[in-house]
Amino acid sequence: MKKVIAICMTIGLCILFISAPGQLFAQGKNVATKTVGKVFVSKNSYIEIIEPYLVQWGKDNVLSFKVRLFNGGQAPLDLLRYGITVKTNAGDPGNALRVKDAQQKTKVLPRSSREFTYYATVPNQTQLASVEFDVKEWNINYAGFSKSIGRIKMPGNYSNTVAAGDNKITHLQNNQIQMSLGEFFSYQASNERVYTLVFQVENRGTEPVKLPAYSYWLQADSGELYPFQTEGDTSNTLNSKQRLTMDLHAAVPKASKAKSFKLLLATDENSVNLTVHCFKLPEARDWTKLPVDKAKAHYIRPGKDQFLFQVDPLYISASDLPQMDVGTTITLKNNNKHAVVNPSLAYFVEANKITYLLAQSDTTAEKTLDALEQLKMSLSADIPKSLRNYNMNLIVAKALSGGEEPVYKPLLKIPLNKSAEVEQAKTDTLTQTALKDGSPYSLIVSNVMGRLDGKYRIVEGTLTIVNDGEQKIRLPEFKVRGSVGQKYSYEGSLTDAQAENVLRPQDRESLTFQLQLPENVGLQDFKLILEEPFQQGNDKLYRPVAAFSLPDLQNTQMVSGDWVYFSTEKGDFKIKRVSTYRLPVDGEDAVVSEFELYSSSYRSGALPEFKAAYAVDRISVEARPVVLDKVISATLDTPISLQVIGKIPYSMPTGEVNMLLQVDEKGASRSIGQFRIDALDTAPQHESGDTYSLNIAGRESETQMYKVLVYPGTTEDLVEVQMIQRNKNKRTQVLNPMYGYFQSKDGMYYPLEYETNAEQSVKYGNVAIHSLAGRVPKGTELADLKLLFGLAIHDKMIADTGGNADAFVKPALFTLMEDKGTAGTGLAQMNAGPYSLDISYPQTKLVSGYNGTLEFTAGLTKQVSFDSFDANHKIIIQLENAGELITQKEFGLNTAEDTSNFTLVTRKFKIDGISTSLTTPSLQVKVYLSFKGEKKLIGEQAVEVNFVKQY
């Protein structure tokens, strides 16, 4: 059994704990440092005694306090002129010692003050109320070299403890400091009770402050002291307006009778602990009293960074043992715009005020999470079956320490939903026993379902035969039939039987059975009867071996959005339809359904081989299943995307649609579910700046629309959408080709051609430019078009390129952005796709007496960081004179290092073939971006013709 921590807690917290992100701190009043009295050392100068503390540290009863020397005179005062004697009711007076600090000077300038820490060891019987401070002045002219200049007695109402819920205001290095307490929790571990506390220090001053080397102590009401361990930010320098938050935890023996506690902050002087601050702690809160967060979105902040937290419904898997398996899947998303450290978290399930630690079956080795990256993991625990009917909650906790006895601090409590389809956990099984030649064997019926097929009802499932004896048996030639209401009987068939029908001891054989019944026959009282042959004279007759009642078969015929559970030889699974779309594909329409497949047990199962068929208005349509993820098995926590694609004529209306999903075992097909599709889904709609994410195992990527370019034609315009695709898979090279259409507002679809030269070379984090381009009627406004696209599929896998695709999945509908690549005046910063093209210093030169050249300097710069762009975009430069085309030349875009390609290095180029007999003494230089036979003007400029003779 998994390790269980039963947390039976008795804690209440005066500070309200909420599930919003971040730490919650006391919202009470601010309490300033307390002075017990002052003694004037001159007319305007005095010594104050501040916050005395008396604490029994081991065998020593230590009195610690602060002394403030205020100089109201005109000359510096030196603290060394004064001493302090401590008098008590339990012994002789003694001199208090000053804590020596090499950085602190004893002289105090006029109109200023300084604080100093003093301490003294006093008899154990001393009470703080009896302490008296005698302030002395040292002078060689006094008898005994000193005299008393004043005494300070403890006020009767003095308290040095900050009340629960309040904050402490103190000063360090002349800067105001606020100290606050956050959540205070406790829980019972094996041999001790663990207390966790959040402590925060804030510098409200204007200068950096060096914090003392505090130690933190949990003081029980009976006086015992337990050291707090610290976790979190332990920096000793606090900048102006900076906050420092620490998690403290302490262990108290189980036998302790303490009912209330204080927090002590202490410093060390010569191995003596000196108390400097004291906080009264509220009653420690039990985890069971943590309020349940019922918000739609959950956020946690284990440290400085915030995370989005999601949880799936609770899975319950019962067995014959007193325990049952419970589990769920959580998603942790880095909600920040920067990479963060993967937090150390633990998870508990709470039922009937008892909590159980959930094992993390899929922990990650990643130490950081990138911006917006998410992490999924499955959680599971064995808990008593008796808790099945209790409401359950998930508690998310921060792990403060590891080892054999880890320490946890609760962050969030979320209710766990237990939906009916989740609680099934597995398909029902029925078992009966029989004898063959005196040897026992078991008959197990499982995976039973009923479905419609035209005019018939089909009942099918799996019959497993297990030899429980100690000798091999020869299986009879079983027959199977169904009985409805003890009135009607229907024969069925068995498949997959072995040729020899011999079963060795403890061996098993799985057979598939199927029965065909009239459509109008109800299945409320269906029985499955298994028969074996016997010989009576010359006649071969059959007698019943086992009968299985299947009263719930009526409810298994058709599902819409529920889970379907099934088993194969490879494992136990569950599958659910997520969506169904009707999408245009090459003059036809494709009906595309997406399913999520999981293992329904805590063991991974090898992927089944699927088969499928649609029925559209009762017309059978062949379909092909496509598994997108690069995996070989299904797990409990990570979905596998199964796409089922069927083709229908585009003119065929969508009426009643359902789909039959089957698995293939040993060459025979067995149905696992018939899905009723009540309504087709519409493709998710996005704005032009949104991200299209594919979270497919082994193919993770993110795609964004980068630019829209319109190439004007004679009767049609070529519209190109350039997309940026970034590989998000950390292990392999990824290219996810696209396929799509332009969809007009009047329902027309215009096919798009896909271009990229990235092939399979896109490494993690690299970016490739993808192009989808199509022709639309001339003058079509971009606002009247939307981009419908998705992941390209060829046959039963993701296509190598968009050009050989015959369908697409994971559709999305994007609004198009404006074409911002219109031509400007001049030849600088011309919009050449993802590049900017700059042409400068154009000059004409005479080659011979009859023609000349245009020489110029040109170079590309990237408008966006990318690693790959196709080779089909070209630059065409046309030279015109008086509106007549003189010559033109085509250049590539960074595809080669020669004079026919513009590159990222600025170089000189020339265009030949300019006639010297021109109509006007100038050339109009026009620069076009060319793609798929169309061109788009991106810049033009007039150049004077003044042929310079070449020598």
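**Cut-offs and Conclusions**

Colleague: Why does Glu753 count as partly exposed?

Modeller: Its relative accessibility is 47% in this predicted model. Buried needs under 20% and exposed needs over 50%. Glu753 has 47%, so it counts as partly exposed.

Colleague: What makes the contact between Lys932 and Glu753 a salt bridge?

Modeller: The side chains meet at 3.0 Å, N to O. The limit is 4 Å between a Lys or Arg nitrogen and an Asp or Glu carboxyl oxygen. The pair is within that limit, so it is a salt bridge. Lys932 sits in the loop between strand 76 (922–931) and strand 77 (934–944). Glu753 belongs to strand 63 (residues 753–755), so the bridge ties together parts 179 residues apart in sequence.

Colleague: Is Lys932 buried or partly exposed?

Modeller: Partly exposed, at 22% relative accessibility. Buried means under 20%.

Colleague: How do you know that Glu880 and Lys926 form a salt bridge?

Modeller: Their closest N and O atoms are 3.4 Å apart. The cut-off is 4 Å, so the pair qualifies. This bridge also links distant parts of the chain: Glu880 is in strand 72 (residues 874–881), Lys926 is in strand 76, and 46 residues separate them.

Colleague: Why are Glu880 and Lys926 called buried?

Modeller: Glu880 has a relative accessible area of 14%. Lys926 has 18%.

Colleague: What makes Lys611 and Asp664 a link between separate parts of the chain?

Modeller: First the bridge: their closest N and O atoms are 3.4 Å apart, and the limit is 4 Å. Then the location: Lys611 is in strand 51 and Asp664 in strand 55, so the pair ties together parts 53 residues apart in sequence.

Colleague: What is the order of the strands in the open sheet?

Modeller: The order is 47-48-49-54-52-51-55-56, with antiparallel pairing.

Colleague: Why do strand 47 (564–568) and strand 56 (668–677) stand at the edges?

Modeller: Each has a single partner strand, so one side of each is left without a neighbour in the sheet. From one strand to the next, the twist averages 30°.

Colleague: Why is strand 4 (residues 60–71) called mostly covered?

Modeller: Of its 12 residues, 10 are buried.

Colleague: What makes strand 3 (residues 46–57) a partner of strand 4?

Modeller: They share 10 bridges and run antiparallel. At least two are needed, so they pair. Val55 is bridged to Val62. The hairpin they form has two residues between the strands, and Gly58 there takes a positive phi near 65°.

Colleague: How many bridges join strand 4 to strand 10 (residues 112–122)?

Modeller: There are 11, again in an antiparallel run. Asn61 has Val122 as its bridge partner.

Colleague: How do you know that Asn273 is buried?

Modeller: Its relative accessibility is 18%. That is under 20%, so it counts as buried. Asn273 lies in strand 23 (residues 272–280). Beyond its neighbours within four places in sequence, it contacts residues including Trp57, Val62, Trp217 and Asp268.

Colleague: Which residues touch the most other members of the largest nonpolar core?

Modeller: Phe742, Leu787, Phe789 and Leu816, out of 46 residues. Strand 65 (residues 785–794) gives the largest share, seven residues. Another core lies apart, with 38 residues, among them Leu709, Ala832, Leu854 and Phe909.

Colleague: What is Phe789 in contact with, leaving aside neighbours within four places in sequence?

Modeller: Its contacts include Tyr692, Met723, Met738, Leu772, Phe808 and Phe814. Each has heavy atoms within 4.5 Å of Phe789, so each counts as a contact.

How values were computed. Residues numbered from 1 in each chain as written. Predicted model: local features only at pLDDT ≥ 70, side-chain atom pairs only at ≥ 80, totals over all residues. Heavy atoms only, no water. Helix = DSSP H or I, 4+ residues; strand = E, 2+ residues; numbered from the N terminus. Axes fitted to C-alpha atoms, helices over the stretch in contact; angles between N-to-C directions. Buried < 20%, exposed > 50% of the residue type's maximum accessible area, 1.4 Å probe, protein only. Core = buried A, V, L, I, M, F, W, Y, C linked by side-chain atoms within 4.5 Å.
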